[in-house]
Amino acid sequence: MDSADQFRFTHIPHPAPVSVAQRAELLANPGFGRVFTDHMAVIRYKEGQGWHNPTIEARAPIALDPAAAVLHYAQEIFEGMKAYRAADGGVVMFRPDANARRFHQSAERMAMAPLPDALFLEAVRELVKVDRDWIPSGESASLYLRPFMIANEAFLGVKPSAEYLFIVIASPVGAYFSGGAVSVWVSEDYTRAAPGGTGAAKCGGNYAASLLAQREAKAQNCDQVLFLDAAEHRWIEEMGGMNIFFVMKDGTLVTPPLGGTILPGITRDALLTLARDKGLTVREERYSIEQCYEDAASGRLVEAFACGTAAVVTSIGRFRGQRGEIVIGAGNGADPVTEGLRDALIGIQRGQRPDPYGWVQRVD
């Protein structure tokens, strides 16, 4: 496909879109990840032909051969991003170029055909434009976008696939957590990633590996799970689907360094920038679970929070695990540093505050 046609999406009319009345009913309380828009973006790849046939079409089930590589060897990656209804009524996205770059990096790590960043961005924009009426209103509401790629060549030999399917779907969502501080289970028996593995790639296998530990957390009446490093089982790394920060009594922020085993979160990166520009001292360094417990007991550790596209910024009230339970600060989510960073981030995302970083991109 030549460069002129590469970004020209064919729009195939939806034969039976959701009615205006039904859509309004769904948007009144969408929850998270349960309601989906009318359309999806689709692009195909075949070795020797490259990426071709970009379309916006009705959201529908995917037909896959039972021997499709994704079903046997888990060649699959995805992204999570959002479109917002801005303060002036327009539609914006937050740092979609960063999602495109990370998607490209994930593809390379999983030996998949990288999608050009510009094509990724155009697919997302085209879908948001056609389904913009699905963007809900409200402080915690947004249109969650899920670009993903799967290997769909039919074969049973162990090798990178020669065919891929890239799709973007969209889901109107409310808040990921119901509110207040979350409780976190410290997993001592399971690890999320190891050096040299796929921890820095956003692939489904990483999340599948976390589900048993997350189920254990739920059994312990915790909202989320925290993983330690695979080698020594003492260094804090990442939560089930979010990065983590700690706030010390002197105002210093501590977050684990990436190092290949932690997903390079786009929200994490934005918060690092915002914190430094607020004059806070930020340290990307290893932080042990033992030190975390000691600092919470002594009062040195006063706040902790999780961050990610879905949850944005969420206070952590307590950690629980085999070594007992600790409460962070007051344990109720009334955390001034966390809330200050959250408000600054959301203000930029929704066009309520100046954006000196060029993070927000208009769609309309």
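How many helices and strands does the protein chain have? The protein chain has nine helices and 18 strands (DSSP runs: H or I of at least four residues for helices, E of at least two for strands, numbered from the N terminus). This is a predicted model: local features need pLDDT of at least 70, side-chain atom pairs count only at pLDDT 80 or more, and totals for chains, interfaces and linings use all residues. Residues are numbered from 1 along each chain as its sequence is written, and side-chain values use heavy atoms, with hydrogens and water left out.

**Overall fold**

- The radius of gyration of the protein chain is 21 Å, in agreement with the value near 21 Å for a compact globule of 364 residues (taken over C-alpha atoms; the rule is 2.2 Å times the number of residues to the power 0.38).
- The C-alpha trace spans about 60 × 50 × 35 Å along its principal axes.
- Of the 364 residues, 52% are buried (under 20% relative accessible area; exposed is over 50%, partly exposed in between; 1.4 Å probe, protein chains only).
- Of contacts between residues at least 6 apart in sequence, 72% join residues at least 24 apart (contact: heavy atoms within 4.5 Å).

**Lys-202**

- UniProt, in an unreviewed entry, lists Lys-202 for "modified residue: N6-(pyridoxal phosphate)lysine" (positions are in the numbering used here, feature names are shortened, and annotations may be inferred rather than shown by experiment).
- Lys-202 sits in the loop between strand 9 (182–186) and helix 6.
- Lys-202 is buried, at 9% relative accessible area.
- Beyond neighbours within four places in sequence, Lys-202 contacts residues including Phe-78, Arg-102, Tyr-207 and Leu-263.

**Aromatic pairs**

- There are 15 aromatic pairs (ring centres of Phe, Tyr and the six-membered ring of Trp within 6.5 Å; planes under 30 degrees apart are stacked, over 60 edge-to-face, the rest tilted).
- Tyr-73 and Phe-155 form a tilted pair, 6.2 Å centre to centre with 35° between the planes.
- Tyr-73 is in helix 3 (69–73) and Phe-155 in the loop between strands 7 and 8, so this pair ties together parts 82 residues apart in sequence.
- Tyr-73 is partly exposed at 32%, whereas Phe-155 is buried at 11%.
- Phe-78 and Tyr-207 are also tilted, at 5.2 Å and 55°.
- Phe-78 lies in strand 4 (76–78) and Tyr-207 in helix 6 (204–219), so this pair links parts 129 residues apart in sequence.
- Phe-32, Tyr-144, Tyr-176 and Phe-177 form one aromatic cluster.

**Charges over rings**

- The charged end of Arg-59 sits over the ring of Phe-36, 4.3 Å from its centre (CZ of Arg or NZ of Lys within 6 Å of the ring centre and within 35 degrees of the ring normal).
- Arg-323 lies over the face of Tyr-293, 5.9 Å from the ring centre.
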